[in-house]
Amino acid sequence: VVNQEYRLDGKIDNNPIGAPTMTIEGNYLNIIMKEQYLKQLNDSFAQAKIEIADSFNAARMDADIMLSKDARRNGCALVNIGAETTTIAIYNNDILRMQTVLPLGSRNITLDLCSEHISYDEAEEIKITRGYKPQGNENGPIDTELTNSIINARMSEILQNARYQIEESGEFVSHIVFTGGGSKLKNLDMLLQEFMPNFKTEIISEPNFNLISS
């Protein structure tokens with residue numbers, strides 16, 4: 001449960017504790033997951049005799065690492081393109097305003113390339129190293145035009161759905177950060193220019209962060 005804002009006697013107050021008021025209205029963002037998944041996760045660790053100390057929302061942890069406080073305050077979306085899903089988190093006023101998960105990921109590109117009678121490992125390498133509109137030597141197990149058509153079709157599916165979710169959220173977003181394994185696709189910035197022309201976009205494929213532990 002993520003606190004959004006409170007209204008005390010109709011006026012917005014993000015810290016209402018101890019404030020006198022006749023009426024209070026609280027707004028919250030509820031993030032849900034299937035209970036079955038949580039049970040399976042807990043059972044797996046229990047069988048391994050490992051205690052779960054705490055659990056976190058991955059999108060919020062990603063945002064803490066990759067989005068500056070100013071970006072979260074001024075309106076920013078974090079789009080994590082994974083293998084089988086794409087997670088979209090929208091921030092405004094330094095508050096997580098929306099989070100959604102699309103059942104679309106970059107593995108679809110690999111599987112489409114595999115349908116052209118090449119191995120899975122080769123398809124992964126083509127996707128990442130040659131990418132969209134590869135430069136230089138274009139000899140390989142699959143021709144450039146076909147590679148481009150496959151990558152364009154699958155990434156456009158992901159990017160158009162992500163853009164739709166952002167635009168339909170009703171939140172002001174000026175900056176979109178792309179991360180996750182799918183963001184490593186070579187020349188992804190070309191596709192972003194095509195499908196996200198009205199947004200400032202940034203790609204953080206391998207974020208750096210400091211971990212301090214006792």
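What is the handedness of the crossing of α6 and α7? The crossing of α6 and α7 is right-handed. The views below show a predicted model, in which local features need pLDDT of at least 70, side-chain atom pairs count only at pLDDT 80 or more, and totals for chains, interfaces and linings use all residues. Residues are numbered from 1 along each chain as its sequence is written, and side-chain values use heavy atoms, with hydrogens and water left out.

**View 1. Helix α6 packs on helix α7.** Helices (H or I, at least four residues) and strands (E, at least two) are DSSP runs, numbered from the N terminus. Helix α6 covers residues 144–168 and helix α7 residues 188–195. Their axes lie 10 Å apart, at an angle of about 50 degrees. Axes are lines fitted to C-alpha atoms, for helices over the stretch in contact, and angles run from 0 to 180 degrees between N-to-C directions. α6 and α7 are therefore oblique to each other. Angles under 35 degrees count as roughly parallel, over 145 as roughly antiparallel, 65 to 115 as roughly perpendicular and the rest as oblique. From α6, the contact (heavy atoms within 4.5 Å) takes in Ile151, Asn152, Met155, Ser156, Leu159, Gln160 and Arg163. From α7 come Leu188, Leu191, Leu192, Glu194 and Phe195. By class, seven of the α6–α7 contact residues are nonpolar, three polar and two charged. Here Ala, Val, Leu, Ile, Met, Phe, Trp, Tyr, Cys and Pro count as nonpolar, Asp, Glu, Lys and Arg as charged, and the others, Gly among them, as polar.

**View 2. Helix α4 meets helix α6.** The axes of α4 and α6 are 9 Å apart, at an angle of about 150 degrees. That makes α4 roughly antiparallel to α6. The crossing of α4 and α6 is right-handed. α4 contributes Asn108, Ile109, Asp112 and Leu113. Facing them in α6 are Ile150, Ile151, Arg154 and Met155. Five residues of the α4–α6 contact are nonpolar, one is polar and two are charged.

**View 3. Helix α4 crosses helix α5.** Helix α4 (residues 107–114) and helix α5 (residues 120–130) have axes that come within 9 Å and cross at roughly 120 degrees. α4 and α5 are therefore oblique to each other. Their crossing is right-handed. Arg107, Ile109, Thr110, Leu111, Leu113 and Cys114 make the contact from α4. Tyr120, Ala123, Glu124, Ile126 and Lys127 make it from α5. The contact of α4 with α5 has seven nonpolar, one polar and three charged residues.

**View 4. Five strands form an open, mixed sheet.** The strand order is β6-β5-β4-β7-β8. Two strands pair if DSSP finds at least two bridges between them. β6 (95–102) and β8 (200–203) are the edge strands; each has a single partner strand, so one side of each lacks a neighbour in the sheet. On average, neighbouring strands are turned by 15 degrees against each other, direction ignored. α6 lies across β4 (76–81), β5 (86–92), β6 and β7. It runs at about 30 degrees to β5.

**View 5. Strands β5 and β6 form a hairpin.** Two residues lie between the strands. Asn93 in the turn has a positive phi of about 55 degrees. β5 and β6 run antiparallel and are joined by seven bridges. Ile90 has Met98 in β6 as its bridge partner.

**View 6. Strand β7 pairs with strand β8.** Strand β7 covers residues 175–179 and pairs with β8 in the parallel sense over four bridges. Val177 is bridged to Glu202 in β8. Ile176 has Thr201 of β8 as its bridge partner. The chain passes from β7 through α7 to β8 in a right-handed β-α-β crossover. Right-handed here means that, with the strands pointing away from the viewer, the path from the first strand over the helix to the second runs clockwise.

**View 7. Three strands form an open antiparallel sheet.** The order is β2-β1-β3. β2 (11–12) and β3 (24–29) stand at the edges, each with a single partner strand, so one side of each is left without a neighbour in the sheet. Strand β1 (residues 2–8) pairs with β3 in the antiparallel sense over six bridges. Asn3 stands opposite Tyr28 in β3.

Note on methods
Left-handed = near helix turned anticlockwise from the far one by under 90°.
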